[in-house]
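Please go through this model with me element by element, giving the cut-offs behind each term as it comes up.

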Amino acid sequence: MRSPAEARPMALGRSPDPLDQVDYRLAQTPEEKDEIYRLRYRAYLREGAIQPSADGRVIDQYEDAPNAWTFGVYFHDQLYSSIRVSVLTSEWRMSPSVELFGDVLHPELDKGKVIIDSTRFVADPEKARNFPELPYVTVRLGSMAGVYFNADYGLAIVRPEHQAFYRRVFLHETWCEPRSYPGLVKPVGLMAAHLPTVRDRVLARYPFLRSSAFERRTLFDRGGGRPSSFDAVVTSFEPASIVPSS
């Protein structure tokens with residue numbers, strides 16, 4: 001729900017590869033989840049998106065939804081950022097974006113569209129200062145989900161002042177004007193991109209957003225734990241522009 005800082009990828013001198021030493025981890029244990037909920041609170045509070053609370057956590061009813069994957073992004077074994085990726089289908093419609101913009105999204109899901117809803121994007125306020133590529137490294141998870149689930153659209157619910165960034169960098173279009181979301185101080189609007197149309201242009205500009213079939217399967221394949229309806233949208237088709245050359 002926050003905008004990535006407008007930093008150029010590969011700006012740091014540490015390594016020519018911004019993914020070097022970055023580890024994506026699916027939050028599974030209570031300790032991993034709690035660390036992410038606390039990170040959300042610090043990040044949201046820092047940017048004035050929420051009111052202070054004694055609990056010191058940001059959590060909602062979608063954390064354990066069967067169509068949701070919450071990831072921590074670790075660098076040198078420390079949590080730097082997090083994002084939650086929800087996969088929306090005609091059968092699975094649980095996500096913050098559907099809650100707030102259901103009148104816009106339900107008709108698309110009724111048509112059988114598959115939609116990636118990336119929310120709860122946060123970065124550690126202190127660590128992010130020394131890692132300008134971090135926003136791109138984090139949202140890469142949503143990009144990978146779009147390929148893995150053969151999705152039609154990718155969503156972003158963002159504040160008005162951040163929409164220009166998503167429009168310019170990720171080629172999103174505005175689908176709905178800002179609305180108030182429970183728990184947030186400022187309203188957020190709905191933006192979306194038709195992934196098959198914009199993917200090649202985005203990857204040409206940010207090539208490290210590419211991923212391999214193995215990496216995507218490692219991150220998103222739950223085996224028997226994945227809703228059966230997802231099997232229909234995961235295909236073996238791999239566009240040539242998505243699979244990096246060896």
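Q: In the hairpin of β2 and β3, which residue takes a positive phi?
A: This is a predicted model, in which local features need pLDDT of at least 70, side-chain atom pairs count only at pLDDT 80 or more, and totals for chains, interfaces and linings use all residues. Residues are numbered from 1 along each chain as its sequence is written, and side-chain values use heavy atoms, with hydrogens and water left out. The hairpin has two residues between its strands, strands being DSSP runs of E with at least two residues and helices runs of H or I with at least four, both numbered from the N terminus. The residue with a positive phi, near 55 degrees, is His 76.

Q: In which sense do β2 and β3 pair, and which residue of β3 is the bridge partner of Trp 69?
A: Two strands pair if DSSP finds at least two bridges between them, and β2 and β3 have eight, in the antiparallel sense. Within β3, the bridge partner of Trp 69 is Val 85.

Q: In what order do the seven strands form the open sheet?
A: The pairing in this sheet is mixed, and β1 (22-26) and β6 (173-179) are the edge strands, each pairing on one side only. Strands β3 and β4 are antiparallel over seven bridges, while six bridges join β5 (residues 153-158) to β7 (residues 188-194), also antiparallel. The order across the sheet is β1-β2-β3-β4-β5-β7-β6.

Q: At about what angle does helix α3 run to β3?
A: Angles run from 0 to 180 degrees between N-to-C directions, with axes fitted as lines to C-alpha atoms, for helices over the stretch in contact. Helix α3 (residues 134-148) lies across β1, β2 (68-75), β3 (78-88) and β4 (115-123). Helix α6 (residues 213-220) also packs on the sheet, touching β1, β2 and β3, and makes about 115 degrees with the direction of β2. For α3 and β3 the angle is about 25 degrees.

Q: Why is β3 described as largely enclosed by the rest of the structure, and how many of its residues are buried?
A: A residue is buried if its relative accessible area is under 20%, exposed if over 50%, and partly exposed in between (1.4 Å probe, protein chains only). Strand β3 is largely enclosed because, of its eleven residues, the number buried is ten.

Q: With which side chain does the side chain of Ser 81 make a polar contact?
A: Ser 81 is found in strand β3 and is buried, with a relative accessible area of 0%. Beyond four places in sequence, Ser 81 touches residues including Leu 39, Phe 71, Val 122 and Leu 134, where contact means heavy atoms within 4.5 Å. A polar contact is a pair of N or O atoms within 3.5 Å; within protein, one must be able to donate a hydrogen and the other to accept it, and residues adjacent in sequence count only if both atoms are side-chain atoms. At 2.7 Å, the partner is Thr 138.
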